[in-house]
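Dear colleague,

Please find below the structure that I am handing over to you, together with its sequence. My findings follow directly after it.

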Amino acid sequence: KPILLQGHERSITQIKYNREGDLLFTVAKDPIVNVWYSVNGERLGTYNGHTGAVWCVDADWDTRHVLTGSADNSCRLWDCETGKQLALVKTSSAVRTCGFDFGGNIIMFSTDKQMGYQCFVSFFDLRDPSQIENNEPYMKIPCSDSKITSAVWGPLGEFIIAGHESGELNQFSAKVREQLSNVKEHTKQINDIQTSRDMTMFITASKDNTAKLFDCTTLEHLKTFRTERPVNSAALSPIFDHVVLGGGQEAMDVTTTSTRIGKFEARFFHLAFEEEFGRVKGHFGPINSVAFHPDGKSYSSGGEDGYVRIHYFDPQYFEFEFEA
């Protein structure tokens, strides 16, 4: 029986484990940022300050700081333990993606292309307090063609990998203002990017009904996982060759299609064979974000229904894999 987390009034936008996996951070289309104990689903606290939908959340490697980006045109840095707001970066449009680099010293976030403002990726070094105070990132890269809809740090904090509305993937250097490489394997918007535990591969989830596996450094396309509906989120198991996909049709189309229950399952695929081997039902709407626990023994999903569900795998799941 899954653990049900009810801490949001609106649909979930992102869920994120910290590095040890004892905490789970959840954000939604409401201004609340929640943190939970992943073992029993107890709510540890909230980070209060945002005034709009919160699109993204990240915790640094030692879980001292939490970073959030919101539609209230701000990116905020919090003290994880006390919930105190440490820094506020104001932007001219909504912050769509954010993240700490490997060492937790550099943050990046991307803003939306809206109201006449361009989409930018900004990099701040937290070791230099003046950058935040003066709102002057040490590097700002414009993206004129199509806005960034998801982004993660690559290995060793050398570059970030960004997915665009057009389905393109880019690598932007975190050291010099340049685009290192770009590929276009998806035909529609990339909704989510997550890296493997060792940062050698990453998986993308797209509106074109597929999730794809890529090499982090070369952006070489390795595998494709096909479904019948848009994929909103995809995660790689840290211990097995397994992938979990979450999705469903667009939230606004949900009522217009047939009411057959079970469209909103989390779907499990084999990483190497690209075959689906399992589904987990539960949500009453599309799944917007999925994440594996860092020990691989459980996973969580956050849905359009505002709930986060933590599922622990059966003992058979582990036996089956080792026999296989």
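For "repeat: WD", UniProt lists residues 5-46, 47-88, 183-224 and 280-310, in an unreviewed entry. Please bear in mind that the model is predicted.

Two of these listed spans were examined individually. In residues 5-46, the end C-alpha atoms lie 13 Å apart, and the span is 0% helix and 52% strand. In residues 47-88, the end C-alpha atoms lie 13 Å apart, with 0% helix and 55% strand.

An open sheet is formed by four strands in the order 6-7-8-9, with antiparallel pairing. Its edges are strand 6 and strand 9 (85-90), each of which pairs on one side only. On average, neighbouring strands of this sheet are turned by 15° against each other, direction ignored. As a general point, strands of a sheet pair through backbone hydrogen bonds, either parallel or antiparallel. Here, strand 8 (residues 74-79) pairs with strand 9 in the antiparallel sense over five bridges. Trp78 has Gln85, in strand 9, as its bridge partner.

The charged side chains also deserve attention. The structure holds 11 salt bridges. One of them joins the side chains of Lys16 and Asp58, at 3.4 Å from N to O. This pair links distant parts of the chain: Lys16 belongs to strand 2 (residues 12-17) and Asp58 to strand 6 (residues 54-59), 42 residues apart. Which of the two classes, buried or exposed, does Asp58 fall into? Asp58 counts as buried, because its relative accessibility is 10% and the cut-off for buried is under 20%. Lys16, by contrast, is partly exposed, with a relative accessible area of 24%.

A further salt bridge is formed by the side chains of Glu20 and Arg19, at 3.6 Å from N to O. Glu20 counts as partly exposed at 44% relative accessibility, and Arg19 counts as partly exposed at 43%.

The side chains of Arg64 and Asp62 likewise meet in a salt bridge, at 3.5 Å from N to O. Asp62 is partly exposed, its relative accessibility being 29%.

With kind regards

Definitions and conventions: Residues numbered from 1 in each chain as written. Predicted model: local features only at pLDDT ≥ 70, side-chain atom pairs only at ≥ 80, totals over all residues. Heavy atoms only, no water. UniProt positions renumbered as here; feature names shortened; annotations may be inferred. Helix = DSSP H or I, 4+ residues; strand = E, 2+ residues; numbered from the N terminus. Salt bridge = Lys/Arg side-chain N within 4 Å of Asp/Glu carboxyl O. Buried < 20%, exposed > 50% of the residue type's maximum accessible area, 1.4 Å probe, protein only. Pairing = 2+ DSSP bridges. Axes fitted to C-alpha atoms, helices over the stretch in contact; angles between N-to-C directions.
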